[in-house]
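I opened my notebook to look up a few places in one protein chain, and I wanted to keep each entry tied to what can be read from the atoms.

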Amino acid sequence: MTSIREKQINALKQMLNLNDPQGRGQAAEPVWKILIYDRYGQDIISPLVSIKDLRELGVTLHVQLHSDRDPIPEVPAVYFCMPTEENLGRIGQDLHNGLYDSFHLNFISPISRHRLEDLAAAALSANCVSSINKVYDQYLNFISLEDDMFILRHQNSDSLSYYAINRGEIKDSEMESIMDSIVDSLFSVFATLGTVPIIRSPRGNAAEMVAEKLDKKLRENLRDTRNSLFMMDASQAGHYSFQRPLLIILDRNVDMATPLHHTWTYQALAHDVLDLALNRVVVEESAGRSPVGGAKAKTRACDLDSKDRFWMTHKGSPFPTVAEAIQEELEEYRSSEVEVKKLKASMGIDNESDAAMAMVSDNTAKLTTAVNSLPQLLEKKRLIDMHTTIATGILNAIKSRRLDTLFELEEKIMSKAALDRNLLELITDSDAGITPDDKMRLFIIYFICCSSMSEVELDRYAAALQNAGCDLNPLSYIKRWKAYAKMAATPNQYVGGGTKTVSMFSKLVSQGSSFVMEGVKNLVVKRHNLPVTRIVDELMELKASQETDDYRYFDPKQLRTADASQVPRNRTPFQEAMVFVVGGGNYIEYQNLVDYTKSKANAGGPTKRIIYGSSTLSNAKQFLKQLSLLGQELQ
């Protein structure tokens with residue numbers, strides 16, 4: 001079954017093929033063209049299509065829409081941008097200046113009628129209507145990061161952030177426009193997938209607003225049979241048609257501890273520590289040695305994509321496992337290298353002797369395989385080097401900021417286990433190397449998970465945090481949030497978490513390892529469901545629960561809107577679901593859902609597919625900053 005990522009890649013390839021369906025004329029030489037995108041278009045394309053892929057699709061030049069561009073006659077131009085006033089103005093100028101031979105205009109979101117008329121007027125006044133080849137609505141207004149994960153914005157993502165939705169002085173009109181842009185993107189996701197979901201959402205928050213608007217939009221599109229995007233013929237729909245997916249729209253407020261949680265898996269650590277963005281991470285190399293003479297440490301950009309086998313296998317593994325796996329790959333590579341060297345040496349035997357003649361015939365076969373395997377070897381070496389660089393960057397942060405200790409403590413707090421260390425001591429301890437932000441994150445999680453805390457106790461902690469150099473604004477916001485959120489209604493949200501420490505792998509302790517893991521705990525995470533995963537499980541498996549029984553139910557295919565009391569009861573459990581978090585997601589929740597589907601499959605049940613989506617993807621540092629801004633508003 002094609003994933004959301006593949007469907008988006010296929011749509012982009014078809015667009016770059018001048019909107020000819022793929023298949024025809026595949027072997028023919030591609031038409032050379034240039035690609036012009038805005039920042040949204042750039043974010044959508046960059047994690048999916050590499051520059052090499054663009055070349056193969058005949059794109060000789062790709063440029064920003066709002067950059068200075070010279071006319072290139074006799075070349076078709078493919079535009080991929082949002083239909084904003086500013087962009088249409090610039091396209092109008094391009095038409096007026098006759099920059100290109102023909103214009104293929106692809107809008108990421110559908111262009112409105114009156115803007116289309118403005119564009120037509122601009123084309124008429126420039127007298128170049130004939131050079132506009134076609135105008136397409138692509139419905140691609142989302143960014144696929146994984147086969148089962150997407151976000152809505154990367155650049156300019158502040159407009160959809162947790163802060164933007166929850167600020168105090170937000171006007172109704174601003175809230176409407178934020179909700180509309182989220183709905184527009186979610187509609188694109190389902191138009192690309194070609195399915196109409198059944199929608200569930202909690203009551204009384206932003207998620208409910210999104211659910212209502214999306215239901216209305218899908219309904220309108222289904223009614224309009226001439227232009228409906230969902231009337232696919234059976235051959236295209238494949239085996240989707242038997243059962244529809246479930247879309248669960250949640251509000252970030254459902255779980256505020258996880259976005260601040262310190263993490264232990266490879267991908268989530270890369271996001272938390274190294275700011276992984278659009279599947280790309282920038283690491284400082286040779287950060288271990290202090291650069292002499294104040295020279296800056298050089299940085300290296302690493303692309304982590306689905307073609308990288310190591311990344312696909314280990315992005316959800318605990319960090320020590322990743323370090324061990326890199327070590328194993330390195331040893332395997334070295335032994336292949338030794339093989340090639342041996343071969344060289346054996347070829348250097350004195351040419352005259354009979355032995356040499358026998359050796360040559362024997363070695364020719366060996367040599368052929370060695371030569372054939374060289375490109376793979378070099379690629380393997382490149383990936384090992386890249387992962388070593390990334391893992392070293394993460395390891396340095398784990399050691400300097402004591403991330404293993406923090407992670408272990410937070411897991412204990414979240415699973416209500418007894419703490420072996422006094423939190424106040426840890427906060428006041430100045431030589432622990434833990435940054436003020438880390439202390440704040442730890443305490444907020446403690447505060448959220450703690451059922452009751454007296455004002456006196458809270459003030460004592462706040463004073464200690466302030467002395468440790470922490471910004472107290474996030475705490476004042478969380479304090480108010482906790483008072484509002486009926487946290488008491490949901491008994492212990494984080495069940496069965498925790499870690500256990502295993503003795504360190506002998507391989508990594510041995511001298512030959514490129515990672516010095518001394519002092520880093522080898523923690524193994526126990527499988528447990530985070531709040532988001534638990535809600536998904538209850539709704540997919542149709543379990544009765546106090547929390548989700550009250551959720552709204554929308555079915556855009558039904559003529560009448562269903563009331564919550566009319567939720568069809570006798571249904572079979574869902575096999576496919578999409579969970580979407582309004583107000584920002586994170587890799588910890590994504591990984592937790594991936595683990596959940598794996599554990600279901602291992603238990604011998606039917607295969608479940610869950611897609612995780614969120615309006616933005618913020619790591620703990622960015623999320624804390626948003627909480628700080630919200631806290632400042634309260635003063």
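**Entry 1: D305.** I began with D305, which, when neighbours within four places in sequence are left aside, is in contact with W311 and M312, where contact means heavy atoms within 4.5 Å. I noted that this model is predicted, that local features need pLDDT of at least 70, that side-chain atom pairs count only at pLDDT 80 or more, and that totals for chains, interfaces and linings use all residues. I also noted that residues are numbered from 1 along each chain as its sequence is written, and that side-chain values use heavy atoms, with hydrogens and water left out.

I found D305 in the loop between β11 (299-303) and α11 (309-314); helices (H or I, at least four residues) and strands (E, at least two) are DSSP runs, numbered from the N terminus. D305 counts as partly exposed because its relative accessibility is 28% (buried means under 20% relative accessible area, exposed over 50%, and partly exposed in between, with a 1.4 Å probe and protein chains only). I then looked at L48, which is 257 residues away from D305 along the chain, and the C-alpha atoms of the two are separated by 8.6 Å.

**Entry 2: V49.** I looked up V49 in the loop between α2 (39-45) and α3 (51-56), and I wrote it down as buried, with a relative accessible area of 6%. Not counting residues up to four places away in sequence, V49 touches L12, L54 and L57.

**Entry 3: α7 and α8.** Two packed helices are described by the angle between their axes and the distance between the axes. Axes are lines fitted to C-alpha atoms, for helices over the stretch in contact, and angles run from 0 to 180 degrees between N-to-C directions. For helix α7 (residues 172-193) and helix α8 (residues 206-223), I noted that the axes come within 9 Å and cross at roughly 55 degrees. That makes α7 oblique to α8 (angles under 35 degrees count as roughly parallel, over 145 as roughly antiparallel, 65 to 115 as roughly perpendicular and the rest as oblique).

On the α7 side, the residues that make the contact include M175, I182 and F187, and on the α8 side they include M209, L214 and N221. The residues of this contact of α7 with α8 divide into 11 nonpolar, one polar and five charged; Ala, Val, Leu, Ile, Met, Phe, Trp, Tyr, Cys and Pro count as nonpolar, Asp, Glu, Lys and Arg as charged, and the others, Gly among them, as polar.

**Entry 4: α1 and α7.** Helix α1 (residues 4-16) packs with α7 at an angle of about 85 degrees, and their axes are 9 Å apart. That makes α1 roughly perpendicular to α7. Here I4, K7 and Q8 in α1 meet V189, T192 and L193 in α7, and the residues of this contact divide into three nonpolar, two polar and one charged.

**Entry 5: confidence.** Which parts of the chain have the lowest and the highest confidence? Helix α9 (residues 234-237) is lowest, at a mean of 42, and strand β7 (residues 149-151) is highest, at 97, on the pLDDT scale, the predictor's confidence in each residue, from 0 to 100. I also noted that pLDDT stays under 50 over residues 287-291, for which the model has one contact beyond four places in sequence.
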